[in-house]
Amino acid sequence: MKVLFQNGKITLAFAATALTFASLCVAYQASSIPASRLINPDELVKILQSSRSEKPLIIQVGFHTLYAQAHIPGAEYIGPASSPSGLRQLRKRVESLPRNRFIVIYCGCCPWGHCPNMTPPDDALHGMGFSNVKALYIPNNFGADWVDKGYPVTKGE
Amino acid sequence: MSRRLFVVIGLIVVAAAFYLARRQRIAGSGGEVLQKTSTASPAPEFSLPTLTGEKLDLANYRGKVILLDFWATWCDPCREQIPHFVELQNKYRDQGLQLIGISMDDEPDPVRDFYRQFKMNYPVVMGNAKAGELYGGVLGLPIAFLIGRDGRIYYKHIGAGDLAVVESQIVSLLRQQGRFKDSGASSRTLQ
C-alpha cells in the first residue's frame, strides 16, 4: 500500500482496475442488457399509438399464465426464454425475419434484477444478427408497471 | 501532493463507478408491496390439480389460516422464500396454519423436481390464468395471500415479503380466530 501511495502511475492503474472490477461486479448482479438496448413502457406505448412509427414485433418471453391474463396487444408468446425450449421457439419464430426488423421482448414476471427471462433472448437475438432489438424495461412486474398504469392490454391465449 | 491527488481522484472514480452503475441497474429492486385488505373479502374458491393429479379444493381448508403462495420454479425471489415457508408450516401446522402453493410454471415436471429438492411440506397445485384472475390478476411473482379461518383475505404480499412481518400476521390471524398456544415463538424472527 505504501508503494501504491508513493507512485502515481501505480495508483492510477489500481484505480482503473478497481473501476473495471466494480463495473463487472454490478453487471453480473443484474440484467446485463445495456441501457441503450432498453425501452421504457411509456416509450413503447407512444410507438404503438403512433400512426407513423414502425411497429415492432413484440414477444412475451415470460410465463404463459401471465400472458393469458394480460399481455400487450399483438404480443406473441414463445415460452419462458430462460428455458432451452423457449429459446428454440424464439429462434424458430424470428429466423426468417430481416435482421433489421424492430423487435421488442418483454417479461414482467418479477423485479428486473431477478428476471431470468430477458438476458438469454436478448443475447440470442443479437447473436443471430438482429440489430434493432429492444428489451422492455419493467422494474417491478407487468401488473405494476404496465397494467396499473393504464397501458393497453388484452387477454387470452 | 500530486501523489495524494492521484489517490483521491482514483477513489472518487471508483465511488462514482459504483454509484452510476447502481443507478443504471434498477429502479425496482423487488421490494414488497403489502396491502392489508380493509374489506376482508371472501377468498375465491378453486379446485386445481396437485402434482400427483388429485384435485385440491380450497373449500376443504376452511377453519385454517391459509398462506396461499403464487410462485414459479424459475422465479428467484420465490425460490428464496420457499425454505422459509417450509419452516413456517412446520412451526405452526398444529396451530392451524396451512400453506398452499400455486405454481405458475408452464409444466409440472420442473415443479415436481423442485418439490423434492426443496423438501416442500405443503400441497402445491398447478395454477392457470383463471386462478390468477380469481385473485385479482397474478401479473408478477411472487404474490401471497393470507386467508383467515373465516375464509376471508386479510393480507396480500406482492413481491418477496419481509418474513418477520408475514409470521407476525400469521400469528395474529391464528390468535384472533382460534385457539393459539403462545410459546413465545412469534417474537422470534425466522432466520
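How many bridges join E4(A) to E5(A), and do these strands run parallel or antiparallel? In this predicted model, 3 bridges join E4(A) to E5(A), and the two strands run parallel.

## The sheet of chain A

The pair belongs to an open sheet of 5 strands, in the order E1-E5-E4-E2-E3 and with parallel pairing. Strand E1 (38-39) and strand E3 (76-77) of chain A are at the edges; each has a single partner strand, so one side of each is left without a neighbour in the sheet. Within the pairing of E4(A) with E5(A), A:Ile105 stands opposite A:Ala135 of E5(A).

## Helix H6 of chain A

Helix H6 (residues 119-127) of chain A contains the buried residues A:Pro121, A:Asp122, A:Ala124 and A:Leu125. Viewed down the axis of H6(A), these residues fall within an arc of 165°, so they line one face of the helix. An α-helix has 3.6 residues a turn, so residues three or four places apart point the same way.

H6(A) lies across E4 and E5 of chain A and runs at about 175° to E5(A). Just after H6(A), A:Gly129 adopts a positive phi of about 100°.

## Overall composition of the chains

Chain A comprises 7 helices and 5 strands. From the N terminus on, its elements follow the order α-α-β-α-β-α-β-α-β-α-β-α. Of its 157 residues, 37% count as buried. Among contacts in chain A between residues at least 6 apart in sequence, those joining residues at least 24 apart account for 69%.

Chain B has 5 helices and 8 strands, arranged from the N terminus on as α-β-β-β-β-α-β-α-β-α-β-β-α. Buried residues make up 36% of the 191 residues in this chain. For contacts in chain B between residues at least 6 apart in sequence, 74% join residues at least 24 apart.

## B:Lys156 in chain B

B:Lys156 is located in strand E8 (residues 153-158) of chain B. This residue is partly exposed, because 18 other C-beta atoms lie within 10 Å, whereas a buried residue would require 20 or more. B:Lys156 and B:Asp69 are 87 residues apart along the chain, and their C-alpha atoms are separated by 9.9 Å.

How values were computed: Residues numbered from 1 in each chain as written. Chains lettered and ligands numbered in written order. Predicted model: local features only at pLDDT ≥ 70, side-chain atom pairs only at ≥ 80, totals over all residues. Helix = DSSP H or I, 4+ residues; strand = E, 2+ residues; numbered from the N terminus. Buried ≥ 20, exposed ≤ 12 C-beta atoms within 10 Å, placed from the backbone. Contact = placed C-beta atoms within 7 Å. Arc of directions from axis to C-beta. Pairing = 2+ DSSP bridges. Axes fitted to C-alpha atoms, helices over the stretch in contact; angles between N-to-C directions.
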